[in-house]
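Colleague: I would like to learn how to read backbone features in a model. Please take them one at a time.

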Amino acid sequence: MKMTFRWYGENNDSVKLSYIKQIPGVEGIVWALHDMPAGEVWPIERIEAEKKTIEAAGFNIDVVESVNVHESIKLGRNDRDKYIENYIETLRRLGKAGVKVVCYNFMPVFDWVRTELFHPLEDGSTALHYDKETMESITPRALVELVTKDSKYTVAGWEIERLKELDNVINEYKEMTQEDLFNNLQYFLKALGPVCKESGIKMAIHPDDPPWSIFGLPRIVTNKENLGKILELVDEPYNGLTLCTGSLGANPSNDMVDIIKTYMNRIYFTHIRNVRIDAKGNFTEVSHRTQDGSINITGVVKAYFDAGYKYYIRPDHGRHIWDEQCRPGYGLYDRALGIMYINGIIDCLKKQ
Ligand SMILES: [Mn+2]
């Protein structure tokens, strides 16, 4: 297992690379050019500059999260080939720079969704929270407001350019079935075959977050069965998964340990996060510790350990603790605690 840490770039993150260096065991920075609009080719000079900064701080650049997929590709519009060509060129450039895994998602319109970014917890910290009733009454626009207000940083997944034509795009999905979305994903993945094989890049699709339909939009990266189906769309090693325990795990019928064991050899990137689910199906992000939430984090780490997992993991969102001012879910402190918890489980397993 190679430990990594997500970082949003110079002047776009409250956390410094030098701070991340002080967390024991972190080998790589999970990065992206966060201001690049979906569908555009990433400039070589900027990839090189980012590589230089990260490597100079003593980290590898092996994992990119994310290269966003243009809405035309997900919708299967007539102009999708142009955007797929651009995606391929970005992958080619990333491969040349030494990137090994590219995380992406295939969620229509909206990326991760929460109804509260600073929900108070009993211990005085705050964390991201999802309330089912609120989601049923909120409008898409109000949700965008909620997520993007007060942030001096780019909010990954909520880039303004993606949301400009919000209402039109939502309408375009009205006729679309899950099957259509699977087909469009397959078309996209097939087209990436040559560049992935040539550059050695593994594609790792991130689960939908939360793993159910919102605003009536189709969502397919939601459960064990669908993950299997996605791997079969193109049954080749370059087509793989990002396993996010907090995303899939928000649905209690997803047994994370079972899913991980089933697809282990196609999971190239893992997000470790705990959520606490209540009786109504609302969920709150909590500390990484197993007993603080609904997900068997200990069992998850053990499953990877037992399999000799050699790919990348990172702590996913943390709470906001010790008055840290940071991007929602992406402070230094709680994610560092999460890493030490994961390190502790691994070391304990090693010594036994
Ligand atoms: Mn995740």
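Colleague: Where is Asn11 placed?

Modeller: Asn11 sits in the loop between β1 (2-6) and α1 (17-20). Helices (H or I, at least four residues) and strands (E, at least two) are DSSP runs, numbered from the N terminus. This is a predicted model: local features need pLDDT of at least 70, side-chain atom pairs count only at pLDDT 80 or more, and totals for chains, interfaces and linings use all residues. Residues are numbered from 1 along each chain as its sequence is written.

Colleague: What is the phi of Asn11?

Modeller: Most residues other than glycine have a negative phi, and most peptide bonds are trans. Phi of Asn11 is near 65°, a positive value in a residue other than glycine.

Colleague: Is Asn11 buried or exposed?

Modeller: A residue is buried if 20 or more other C-beta atoms lie within 10 Å of its own, exposed if 12 or fewer, and partly exposed in between, with C-beta atoms placed from the backbone. Asn11 has 6 other C-beta atoms within 10 Å, so Asn11 is exposed.

Colleague: What is the phi of Trp322?

Modeller: Trp322 is not a glycine, yet its phi is positive, about 55°. Trp322 belongs to the loop between β12 (312-315) and α14 (333-351) and is exposed, with 11 other C-beta atoms within 10 Å.

Colleague: Which residues touch the most other members of the largest nonpolar core?

Modeller: A nonpolar core is a set of buried Ala, Val, Leu, Ile, Met, Phe, Trp, Tyr and Cys residues joined through C-beta atoms within 7 Å. In the largest one, of 83 residues, they are Val64, Val102 and Ala204.

Colleague: Which residues are in contact with Ala204, leaving aside its neighbours within four places in sequence?

Modeller: Two residues are in contact if their C-beta atoms, placed from the backbone, lie within 7 Å. For Ala204 the partners include Val101, Val102, Cys103, Gly240 and Tyr268.

Colleague: How many of the contacts in the protein join residues at least 24 apart?

Modeller: Among contacts between residues at least 6 apart in sequence, 73% do. Of the 352 residues, 42% count as buried.
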